[in-house]
Amino acid sequence: MESTKIQSQMLNGLSHPGVCFRMYTEDEARKIGVVGWVKNTSKGTVTGQVQGPEDKVNSMMSWLSKVGSPSSRIDRTNFSNEKIISQLDYSNFSIRY
């Protein structure tokens, strides 16, 4: 039986922007096995979308909230628009500019 797929929007407030957060996020997403995207915002935060099996999305959400890149300090992470989806909108995880 195929596992339930979910998606979640992410907004990550970092106190140290420019610390390769997007690159580490892309690497971690590929290791975990989720798809979606991540990008910097003009406000010095990071936003993105994660899709995949529920357990893998939850693992990625935990990493985004607690670990991040080695030099980042995560002030807060907000997840929204969590929902069950019938199919993935992306074939990989990428950095957007």
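Axes here are lines fitted to C-alpha atoms, for helices over the stretch in contact, and the angles between N-to-C directions run from 0 to 180 degrees. Helices (H or I, at least four residues) and strands (E, at least two) are DSSP runs, numbered from the N terminus. This is a predicted model, where local features need pLDDT of at least 70 and side-chain atom pairs count only at pLDDT 80 or more, while totals for chains, interfaces and linings use all residues. Residues are numbered from 1 along each chain as its sequence is written, and side-chain values use heavy atoms, with hydrogens and water left out.

The axes of helix 1 and helix 2 come within 10 Å and cross at roughly 155°. Helix 1 and helix 2 are therefore roughly antiparallel to each other (angles over 145 degrees count as such; under 35 is roughly parallel, 65 to 115 roughly perpendicular and the rest oblique). Their crossing is right-handed, meaning that the near helix is turned clockwise from the far one by less than a right angle. On the helix 1 side, Phe21, Tyr24, Thr25, Glu28, Ala29 and Ile32 meet Lys56, Ser59, Met60, Trp63 and Leu64 of helix 2, a contact being heavy atoms within 4.5 Å. Leaving aside neighbours within four places in sequence, Met60 touches Thr25, Glu28, Ala29, Ile32, Val34 and Val50.

Met60 also turns up in the largest nonpolar core, a set of 16 residues in which Val34, Val38, Val50, Val57, Met60 and Leu64 have the most contacts. Such a core is made of buried Ala, Val, Leu, Ile, Met, Phe, Trp, Tyr and Cys residues joined through side-chain atoms within 4.5 Å; buried means under 20% relative accessible area, exposed over 50% and partly exposed in between (1.4 Å probe, protein chains only). At least two core residues each come from strand 1 (5-14), helix 1, strand 3 (46-53), helix 2 (54-66) and strand 5 (93-95). Helix 2 gives the largest share, 5 residues.

Then there is the annotated site. In an unreviewed entry, UniProt lists Arg22 and Asn40 under "active site". They span 19 residues in sequence, yet no two of their C-alpha atoms are more than 7.7 Å apart, so they gather at one spot. UniProt positions follow the numbering used here, feature names are shortened, and annotations may be inferred rather than shown by experiment. Arg22 sits in helix 1 (residues 21-32) and, at 21% relative accessibility, counts as partly exposed. Beyond four places in sequence, Arg22 contacts Val38, Lys39, Asn40, Ile95, Arg96 and Tyr97. Asn40 belongs to strand 2 (residues 35-40) and is partly exposed at 40%.
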